[in-house]
Amino acid sequence: MNNGVVVITGGSRGIGAASAILAAERGFDVVVNYAGNLAAAEAVCAQIIRAGRKSVAVQGDVSKPEDIERIFNAADALGPLKGLVNNAGVVDVAMRVEDVDLARLERMFAINVYGAMLCAGQAVRRLSRAHGGTGGSIVNLTSGAAKLGGANMYVDYAAAKGAIDSFTVGLALEVAEHGVRVNAVRPGVIETDIHASGGDPDRVARMIEAIPVKRAGTAHEVAEAIVWLLSDASSYTPGSILSVTGGRASLP
Ligand code: NAP
């Protein structure tokens, strides 16, 4: 089974790492992009290579166009691109909107929105039949926060993910006829490092009561949705946003 090459941004940890490993198990070769954590990225690649697939770790900040170029050049060297998971994302310390400054907003949107849109552009140029490609799949990571608003925590992050919702629908309609499926996965509260990195290590424990199934999700549970959307099994599903939220913020 050879499903081609997939680029996973932020593939070194959390949901991205789980997706990289599962995609490899399902027949994809994987470009594992990371921002700074080379050791984590190399550990993911090693696991993929042990499973018999090709993999390479590529440092790159998705908010920088020249880094995005490097990530996709590495994919070209591995083989024909078939997919992209726009997974790299950041939150920031809890803050009310009246205290948010431009520097915070620029980082939040540059990584979470501009990076995803620029990576998608690179992918479309390779996947679209209008550009000589053979089709493929793009999966964006949005968040339950886009529907809930993130009040008193991170309205800026929620708004950035709201932009990803709209971007997913718009790009899906733009490229569906050219063989590119674009979808998003909406995780709820998932056990990863992102909460501690954003200055709130207790967030998961605090949120449990608000989750209908009364537990946080795992990175692997989100990866299952991502890899299904990457694969041909989802061939008649463009333009959808699949909630993996334990029932929270799951209505369309
Ligand atoms: P995580 O555990 O914090 O991992 C973040 C990953 O993104 C790491 O691989 C990191 O690389 C990479 N990264 C960070 N900034 C980057 C940049 N500028 N350029 C390239 N890579 C960058 O995050 P996660 O919880 O798995 O989240 C993955 C995605 O799911 C994000 O888009 C997030 O917003 C979304 N999400 C998560 C949750 C949740 O509860 N966990 C809920 C809803 C949505 P290094 O290892 O090199 O630092």
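Let's start at Lys214, which sits in the loop between α8 (203–207) and α9. Keep in mind that this is a predicted model. What makes Lys214 worth a look is its backbone: phi is positive, about 60°, although Lys214 is not a glycine. As a rule, most residues other than glycine have a negative phi. Lys214 is partly exposed, with a relative accessible area of 43%.

Ala249 shows a positive phi as well, about 50°, and it is not a glycine either. You'll find Ala249 in the segment after β7 (241–244). Is Ala249 buried or exposed? With a relative accessible area of 18%, Ala249 is buried, because the cut-off for that label is under 20%.

The axes of α9 and α1 come within 8 Å of each other, crossing at roughly 55°. The crossing is right-handed. On the α1 side, the contact is made by Gly14, Ile15, Ala18, Ser19, Leu22 and Ala23. From α9 come Ala219, His220, Val222, Ala223, Glu224, Ile226, Val227 and Leu230. Sort the contact residues by class and you get 10 nonpolar, three polar and one charged.

Two of those α9 residues turn up again in the largest nonpolar core. This core has 32 residues, and the ones touching the most other members are Val6, Val30, Val32, Val185, Val222 and Ile226. Which elements give two or more residues to it? They are β1 (5–8), α1 (14–25), β2 (29–34), α2 (38–50), β5 (136–141) and α9 (219–230).

One last stop is Ala145, in helix α5 (residues 145–148). Ala145 is buried, with a relative accessible area of 9%. Setting aside residues up to four places away in sequence, Ala145 touches Gly150, Tyr154, Tyr157 and Ala158. Val155 is 10 residues from Ala145 along the chain, and their C-alpha atoms are separated by 8.2 Å.

Key: Residues numbered from 1 in each chain as written. Predicted model: local features only at pLDDT ≥ 70, side-chain atom pairs only at ≥ 80, totals over all residues. Heavy atoms only, no water. Core = buried A, V, L, I, M, F, W, Y, C linked by side-chain atoms within 4.5 Å. Buried < 20%, exposed > 50% of the residue type's maximum accessible area, 1.4 Å probe, protein only. Helix = DSSP H or I, 4+ residues; strand = E, 2+ residues; numbered from the N terminus. Axes fitted to C-alpha atoms, helices over the stretch in contact; angles between N-to-C directions. Left-handed = near helix turned anticlockwise from the far one by under 90°. Contact = heavy atoms within 4.5 Å. Nonpolar A, V, L, I, M, F, W, Y, C, P; charged D, E, K, R; others polar.
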